[in-house]
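Subject: Structure handover

Hello,

Here is the structure I promised to pass on. Please open it next to this message and follow along.

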Amino acid sequence: MPSVFTEKFPLPRSTAWIIAASCAVMCALLVVDEWSVIGHVAGMSPRTPGLAADRVIVCVCATLVLLACVTVLRRGASVASAFFIGALSGAGFFAASIGTSILDPTATSWLLRGADWTTHYAGWAMFRNAPWEWPPGVLHELMYPRGTAIIFTDSLPIVSLLLKPFSAWLPDTFQFTGGWFALCCVLQGGFGALLAQRWTRNPAVTLAASAMFLYAPAFLHRMPHATLMAQWLILASLWLYFRPTIPRGAVAETWPWWTFALIAAGTMPYLAAMVLAIFFAYCVRRRWVNRERSFGQVAAMLFGAIFVVVSMWWISGAMVVRAHNASGGVSHGVYSFNLLGFFNSYGWSMLLPGLPVASPEQMEGYSYLGLGLIALLVLLVIEALVRLRRPHWPSRHWPLLVVTLLTVAFAASTVFTIGAWTLIDYPLSTPLFAAFRSSGRFVWIAYYLTILALLVFTVKRFGTTAASVLLTCAFALQAWDYTNSHRQAAHLRDGANWPPPMQSLDDPGWNELAANRRHLTLIPPPPCGDPAGPILPFQLVAARNRLTFNSAYVARWNPKKEIRYCNQLSDQLAKGDLHDDELYVVTDAWLERFQHSDKSPTCRMLDGFRACVVAPPR
């Protein structure tokens with residue numbers, strides 16, 4: 001075993017009993033907290049489906065975790081045992097915090113509550129039945145005739161591309177977001193446990209670490225944006241960075257990095273950039289610190305990862321929008337990280353008040369540590385002052401420190417704020433910066449390294465046995481502080497305290513008018529004026545009837561194409577050039593110019609909107 005481990009197995013009986021007791025207490029705390037969350041939902045909505053199954057899963061996971069901890073104490077730790085402990089913790093966390101009822105792929109009502117999931121689901125619903133394009137992620141059926149791509153609807157491109165060939169065998173109503181949430185919780189816990197095992201074989205510390213990473217407020221806070229729940233990719237990259245035994249072959253060393261880079265690129269560009277940043281630090285360390293790889297080797301490793309990422313972006317259709325339009329009209333510096341972010345609960349803490357910020361958009365840099373982790377930080381600072389310890393960062397990891405500081409600087413942006421005070425106000429529209437306009441997210445590398453450092457320093461400063469007790473107490477405080485956020489997320493099952501579902505267009509007349517037609521056209525669409533109706537409900541009508549749709553919510557677009565399309569649409573209406581393969585939805589403001597046609601369009605009101613067609617389709 002690497003020298004970083006301080007435990008010598010078999011452990012003394014007294015030590016083993018303390019660790020076993022800590023594991024038991026941790027499991028009990030998890031069960032009590034997660035049962036209380038489920039109970040809160042049941043108290044408000046007793047008929048919510050799946051609550052009994054959720055309770056069973058919580059108890060089964062906690063029991064298996066406890067058995068795994070006992071097995072580790074008897075036989076020693078392994079990578080598999082650590083991942084097993086963390087993954088089970090993640091499964092229990094998912095069952096309590098989100099709920100197994102959303103795993104039903106045909107259950108979509110919870111997706112339609114106005115969060116980003118609605119956009120993601122509607123994008124997938126259009127993409128699954130659209131003809132294949134080249135590159136495969138291009139989606140001309142949406143924002144027709146300008147087109148867009150699956151990456152710009154944030155519909156988990158890697159999953160959408162893998163499932164599209166099987167669309168004909170899938171139910172007409174099919175969502176994978178619920179399964180994705182479950183996978184992210186399991187992997188967040190699993191890689192959190194693996195990361196802790198780089199420094200300790202103590203199962204109580206491993207369990208506490210996985211729980212701390214799961215109860216990190218920045219994790220569940222991103223649930224409304226499903227792709228950003230994949231923060232386990234950061235943990236996995238850090239796990240690779242800190243691995244003590246490195247394969248001799250360059251390919252064996254590199255392929256896990258390339259795999260994580262590929263998954264990140266097919267999930268969310270921000271996460272791909274963070275994985276690449278950590279890999280860059282790793283390559284620098286391997287060349288200039290360890291001196292075990294040549295410059296040519298690390299260059300090939302790094303450029304291979306970049307090639308994998310860019311290729312995945314190309315496959316996902318990212319290149320249909322040029323670099324100068326990559327900002328989506330938002331300057332770098334708007335969605336930034338506030339320097340007090342680690343201590344600002346934004347009102348979600350049970351004890352600490354929310355701190356004032358320079359602008360509400362800085363919520364994108366949400367990175368509150370939680371009361372349990374803050375208590376560990378205070379404890380370690382006091383211990384360092386009492387024993388006159390200096391802060392110590394292992395010199396061999398200076399590349400990761402430099403990369404972390406650079407990403408924090410990028411997250412803080414050129415609009416530099418601390419609390420309510422703006423120290424520097426210089427927003428940039430440079431395409432390279434503005435492409436990652438929500439720069440505050442880049443603080444996540446520092447965020448998770450801070451959590452890791454608190455866990456590791458607790459073990460190193462107080463010893464593995466005392467750390468078991470301290471981390472158990474810290475988790476209890478973290479879970480209590482987390483209660484409001486935890487309950488809010490858990491109410492997704494029943495919709496309490498969440499926005500009501502968006503308007504549903506259920507009048508059978510939509511399907512009747514859409515029969516044998518090819519296009520659904522809002523007159524006007526959003527770029528051309530107040531839209532003729534809400535975009536996402538009509539996008540789902542288009543998806544249901546396999547029509548193209550001239551609107552969409554997308555992350556990036558080409559403004560010149562939008563202006564050109566608006567002019568073309570206005571000219572088309574001025575000429576009375578209407579088509580019998582289109583289903584039009586028209587506002588009062590545009591009705592007069594729409595009726596300026598010798599084709600005599602007929603209209604009827606459906607669900608409060610004016611649906612119009614010309615001659616019956618041939």
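This is a predicted model: local features need pLDDT of at least 70, side-chain atom pairs count only at pLDDT 80 or more; totals for chains, interfaces and linings use all residues.

**The largest pocket**

Start here. The largest pocket has a volume of about 1400 Å³. Its lining is made up of 50 residues. To find its centre, look for Asp-154, His-225, Met-268, Tyr-270 and Arg-441, which lie nearest to that point. By residue type, the lining of the largest pocket splits into 32 nonpolar, 9 polar and 9 charged.

**The cavities**

The largest cavity holds about 50 Å³ of space. Around the largest cavity sit Leu-30, Glu-34, Val-58, Cys-61, Ala-62, Val-65, Leu-88, Ser-89 and Gly-92. Three helices supply at least two lining residues each: H1 (13–44), H2 (51–75) and H3 (79–97). Which helix gives the most to this lining? That is H2, with 4 residues. The lining of the largest cavity counts 6 nonpolar residues, 2 polar and 1 charged.

**The backbone**

Now for some local details. Most peptide bonds are trans, and most residues other than glycine have a negative phi. The places below depart from that pattern.

Two cis peptide bonds come up:

- Trp-134 to Pro-135 is cis, with omega near 0 degrees. Pro-135 is in the loop between H4 and strand E1 (138–139).
- Pro-524 falls in the loop between strand E5 (519–523) and helix H19 (535–544).

Two residues other than glycine have a positive phi:

- Tyr-346 has a phi near 55 degrees. Look for Tyr-346 in the loop between H12 and helix H13 (371–386). Is Tyr-346 buried or partly exposed? Tyr-346 counts as partly exposed, because its relative accessible area is 23% and buried means under 20%.
- Asp-607 has a phi of about 55 degrees. Asp-607 is in the loop between strand E8 (602–606) and strand E9 (609–613). Asp-607 is also partly exposed, at a relative accessible area of 29%.

Best wishes

Technical notes:
Residues are numbered from 1 along each chain as its sequence is written. Side-chain values use heavy atoms; hydrogens and water are left out. On a 1 Å grid over the protein atoms alone, a cavity is a set of points where a 1.4 Å probe fits but cannot get out, and a pocket is an open set with protein on both sides within 12 Å along at least five of seven lines; lining residues have an atom within 4 Å of a point. Grid points are joined across faces, edges and corners, and a volume is the space filled by probe spheres set on the points. Ala, Val, Leu, Ile, Met, Phe, Trp, Tyr, Cys and Pro count as nonpolar, Asp, Glu, Lys and Arg as charged, and the others, Gly among them, as polar. Buried means under 20% relative accessible area, exposed over 50%, partly exposed in between (1.4 Å probe, protein chains only).
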